[in-house]
Amino acid sequence: MDPRSTHDGQLTQPILSDHRVAPESPRGEVVSSELEEILCDTTLTPFRRYRKALSLELVSMFRLAGPTVIVYLLNNVTSVSTQIFCGHLGNLQLAAATLGNNGVQIFAFGLLLGMGSAVETLCGQAFGARQFEMLGVYLQRSTILLMLTAIPLMLIYIFSKPLLILIGQSREISAAASLFIFGLIPQIFAYAANFPIQKFLQAQSIVNPSAYIAAGMLLVHIPLTYLVMYVWDWGLLGGALVLSLSWWLIVIFQFVYILKSERTKETWTGFSTQAFSGLWGFFKLSTASAVMLCLETWYFQILILIAGLLPNPAIALDALAVCSTILGWVFMISVGFNAAASVRVSNELGAGHPKSTSFAVVVVTSTSFIVACICGVILLATRHYISYIFTEGEVVANAVSELTPLLVFSIVLNGIQPVLSGVAVGCGWQAFVAYVNIGCYYVVGVPLGVLLAFYFDFGAKGIWSGLVGGMAMQTMILLWVTLRTDWNKEVKQAKIRVKQWQHKKEETLLNN
């Protein structure tokens with residue numbers, strides 16, 4: 001970790017070295033001081049003070065978390081629906097679409113989503129500090145960087161067939177998958193535009209429009225996919241092109257909302273040449289954000305690959321696939337709390353509210369943990385039946401049942417870890433979390449899983465135990481760092497970031 005990111009014993013991450021800030025806007029108070037005032041009100045008893053604060057914070061949190069969960073679920077269903085349509089064309093087409101969606105496409109998705117998370121930190125803190133004009137600049141700057149990143153990713157899509165053959169896929173499946181992947185090339189650039197827009201809106205607590213747009217596009221996407229694939233007979237390529245089109249329409253409608261909405265008229269003031277300045281500093285934060293997210297995504301993929309080396313890989317892979325899918329479903333809920341934590345922390349830090357920031361962290365983490373525990377209890381109660389949603393095989397069902405206690409522990413950890421990652425994004429600690437992920441996942445988790453699976457002959461349970469070990473270590477480290485954070489110092493750091501732009505602007509005016 002860069003020693004410059006340690007400030008008086010506290011972990012902070014310097015964001016950019018040359019921020020520019022907009023003049024003070026006449027707009028009303030966008031991040032209310034009511035919560036901070038309640039928490040500072042010593043005339044109330046501690047019980048009444050925290051009861052009032054809790055009711056206020058829960059409303060803010062669920063307004064953010066609920067629609068965000070819906071957005072990610074609907075976007076996921078849009079991609080899965082295309083995969084289902086492809087499956088009805090035949091087993092080869094299903095294998096090709098699965099390989100394209102869950103192999104190549106998820107790599108681009110994770111990388112660009114991670115890079116887009118830099119907008120969460122900067123836009124959230126700038127919005128809390130009422131520096132509205134800078135949100136539009138950050139949006140444009142992030143879009144430029146993500147579009148540039150999409151170009152080398154496009155080369156992976158173009159040469160997907162030889163790459164798939166290189167990693168051991170059959171020529172027949174590789175040829176079919178590459179056809180599907182070609183149709184997803186426009187989707188890469190849609191991701192590059194969508195994620196900054198999505199984070200730009202979330203930083204302002206504008207989440208409902210994205211949910212409505214995602215729902216509307218799903219209703220359009222399904223019949224259009226059916227028409228192209230079954231009526232016009234465009235096959236795999238047609239299905240992929242419709243999926244790319246749907247993502248671009250989501251981008252267009254969200255951007256039209258930004259242009260037309262009264263809620264964004266001060267945060268979007270038009271295209272600016274400022275977007276081309278400070279790209280290197282922004283790139284470093286974006287890269288740290290991408291690494292932080294990708295290290296987690298690749299961790300699961302590596303463990304699945306390891307399972308293929310077991311003596312009886314078919315059963316192990318099926319059981320792990322069922323468990324990872326269930327974990328993915330519950331993770332969608334955690335993603336909502338992750339976004340809520342990121343927005344609430346960055347907004348309150350930017351607004352100069354240390355008590356509100358600390359309280360928001362406690363509330364969102366506790367709520368997510370309780371929800372995860374409820375999901376875990378339900379899963380334990382249905383452990384002998386849950387796998388029949390995916391397969392009729394009794395052997396796989398028994399294997400899933402044996403893995404369920406470890407799966408439940410993973411779900412409980414997922415009730416805490418993503419939220420703490422959201423707190424890290426809100427504070428700008430992405431680089432630190434990336435280092436933590438490397439140590440916990442790849443120095444501890446993967447070797448532990450291999451050791452338990454092969455040396456101690458625990459099979460799939462050993463692999464999942466390694467997963468849990470890495471997640472538990474990461475969660476404990478993030479929890480320790482969060483608990484010892486001095487939120488007054490974090491507020492000062494946030495103020496320094498947004499004020500640096502004002503100093504640059506004043507210098508520019510003097511030079512002119």
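Q: How many disulfides does a search of the whole structure find?
A: A disulfide is a covalent bond between the sulfur atoms of two cysteines. The cut-off is a pair of cysteine sulfur atoms within 2.5 Å. The search of the whole structure finds zero. This is a predicted model: local features need pLDDT of at least 70, side-chain atom pairs count only at pLDDT 80 or more, and totals for chains, interfaces and linings use all residues. Residues are numbered from 1 along each chain as its sequence is written, and side-chain values use heavy atoms, with hydrogens and water left out.

Q: Is Cys123 buried or exposed?
A: Buried means under 20% relative accessible area, exposed over 50%, partly exposed in between (1.4 Å probe, protein chains only). Cys123 has 0% relative accessibility, so it counts as buried. Cys323 is buried too, at a relative accessible area of 0%. Of the 512 residues of the protein chain, 54% count as buried.

Q: What does the secondary structure of the protein chain come to?
A: Helices (H or I, at least four residues) and strands (E, at least two) are DSSP runs, numbered from the N terminus. Here there are 18 helices and two strands.

Q: At what angle do the axes of helix 2 and helix 9 cross?
A: Axes are lines fitted to C-alpha atoms, for helices over the stretch in contact (heavy atoms within 4.5 Å). Angles run from 0 to 180 degrees between N-to-C directions. Helix 2 (residues 46–87) and helix 9 (residues 208–231) cross at roughly 5°, and their axes come within 8 Å. The two helices are therefore roughly parallel to each other, a label for angles under 35 degrees.

Terms used: Parallel < 35°, antiparallel > 145°, perpendicular 65-115°, else oblique.
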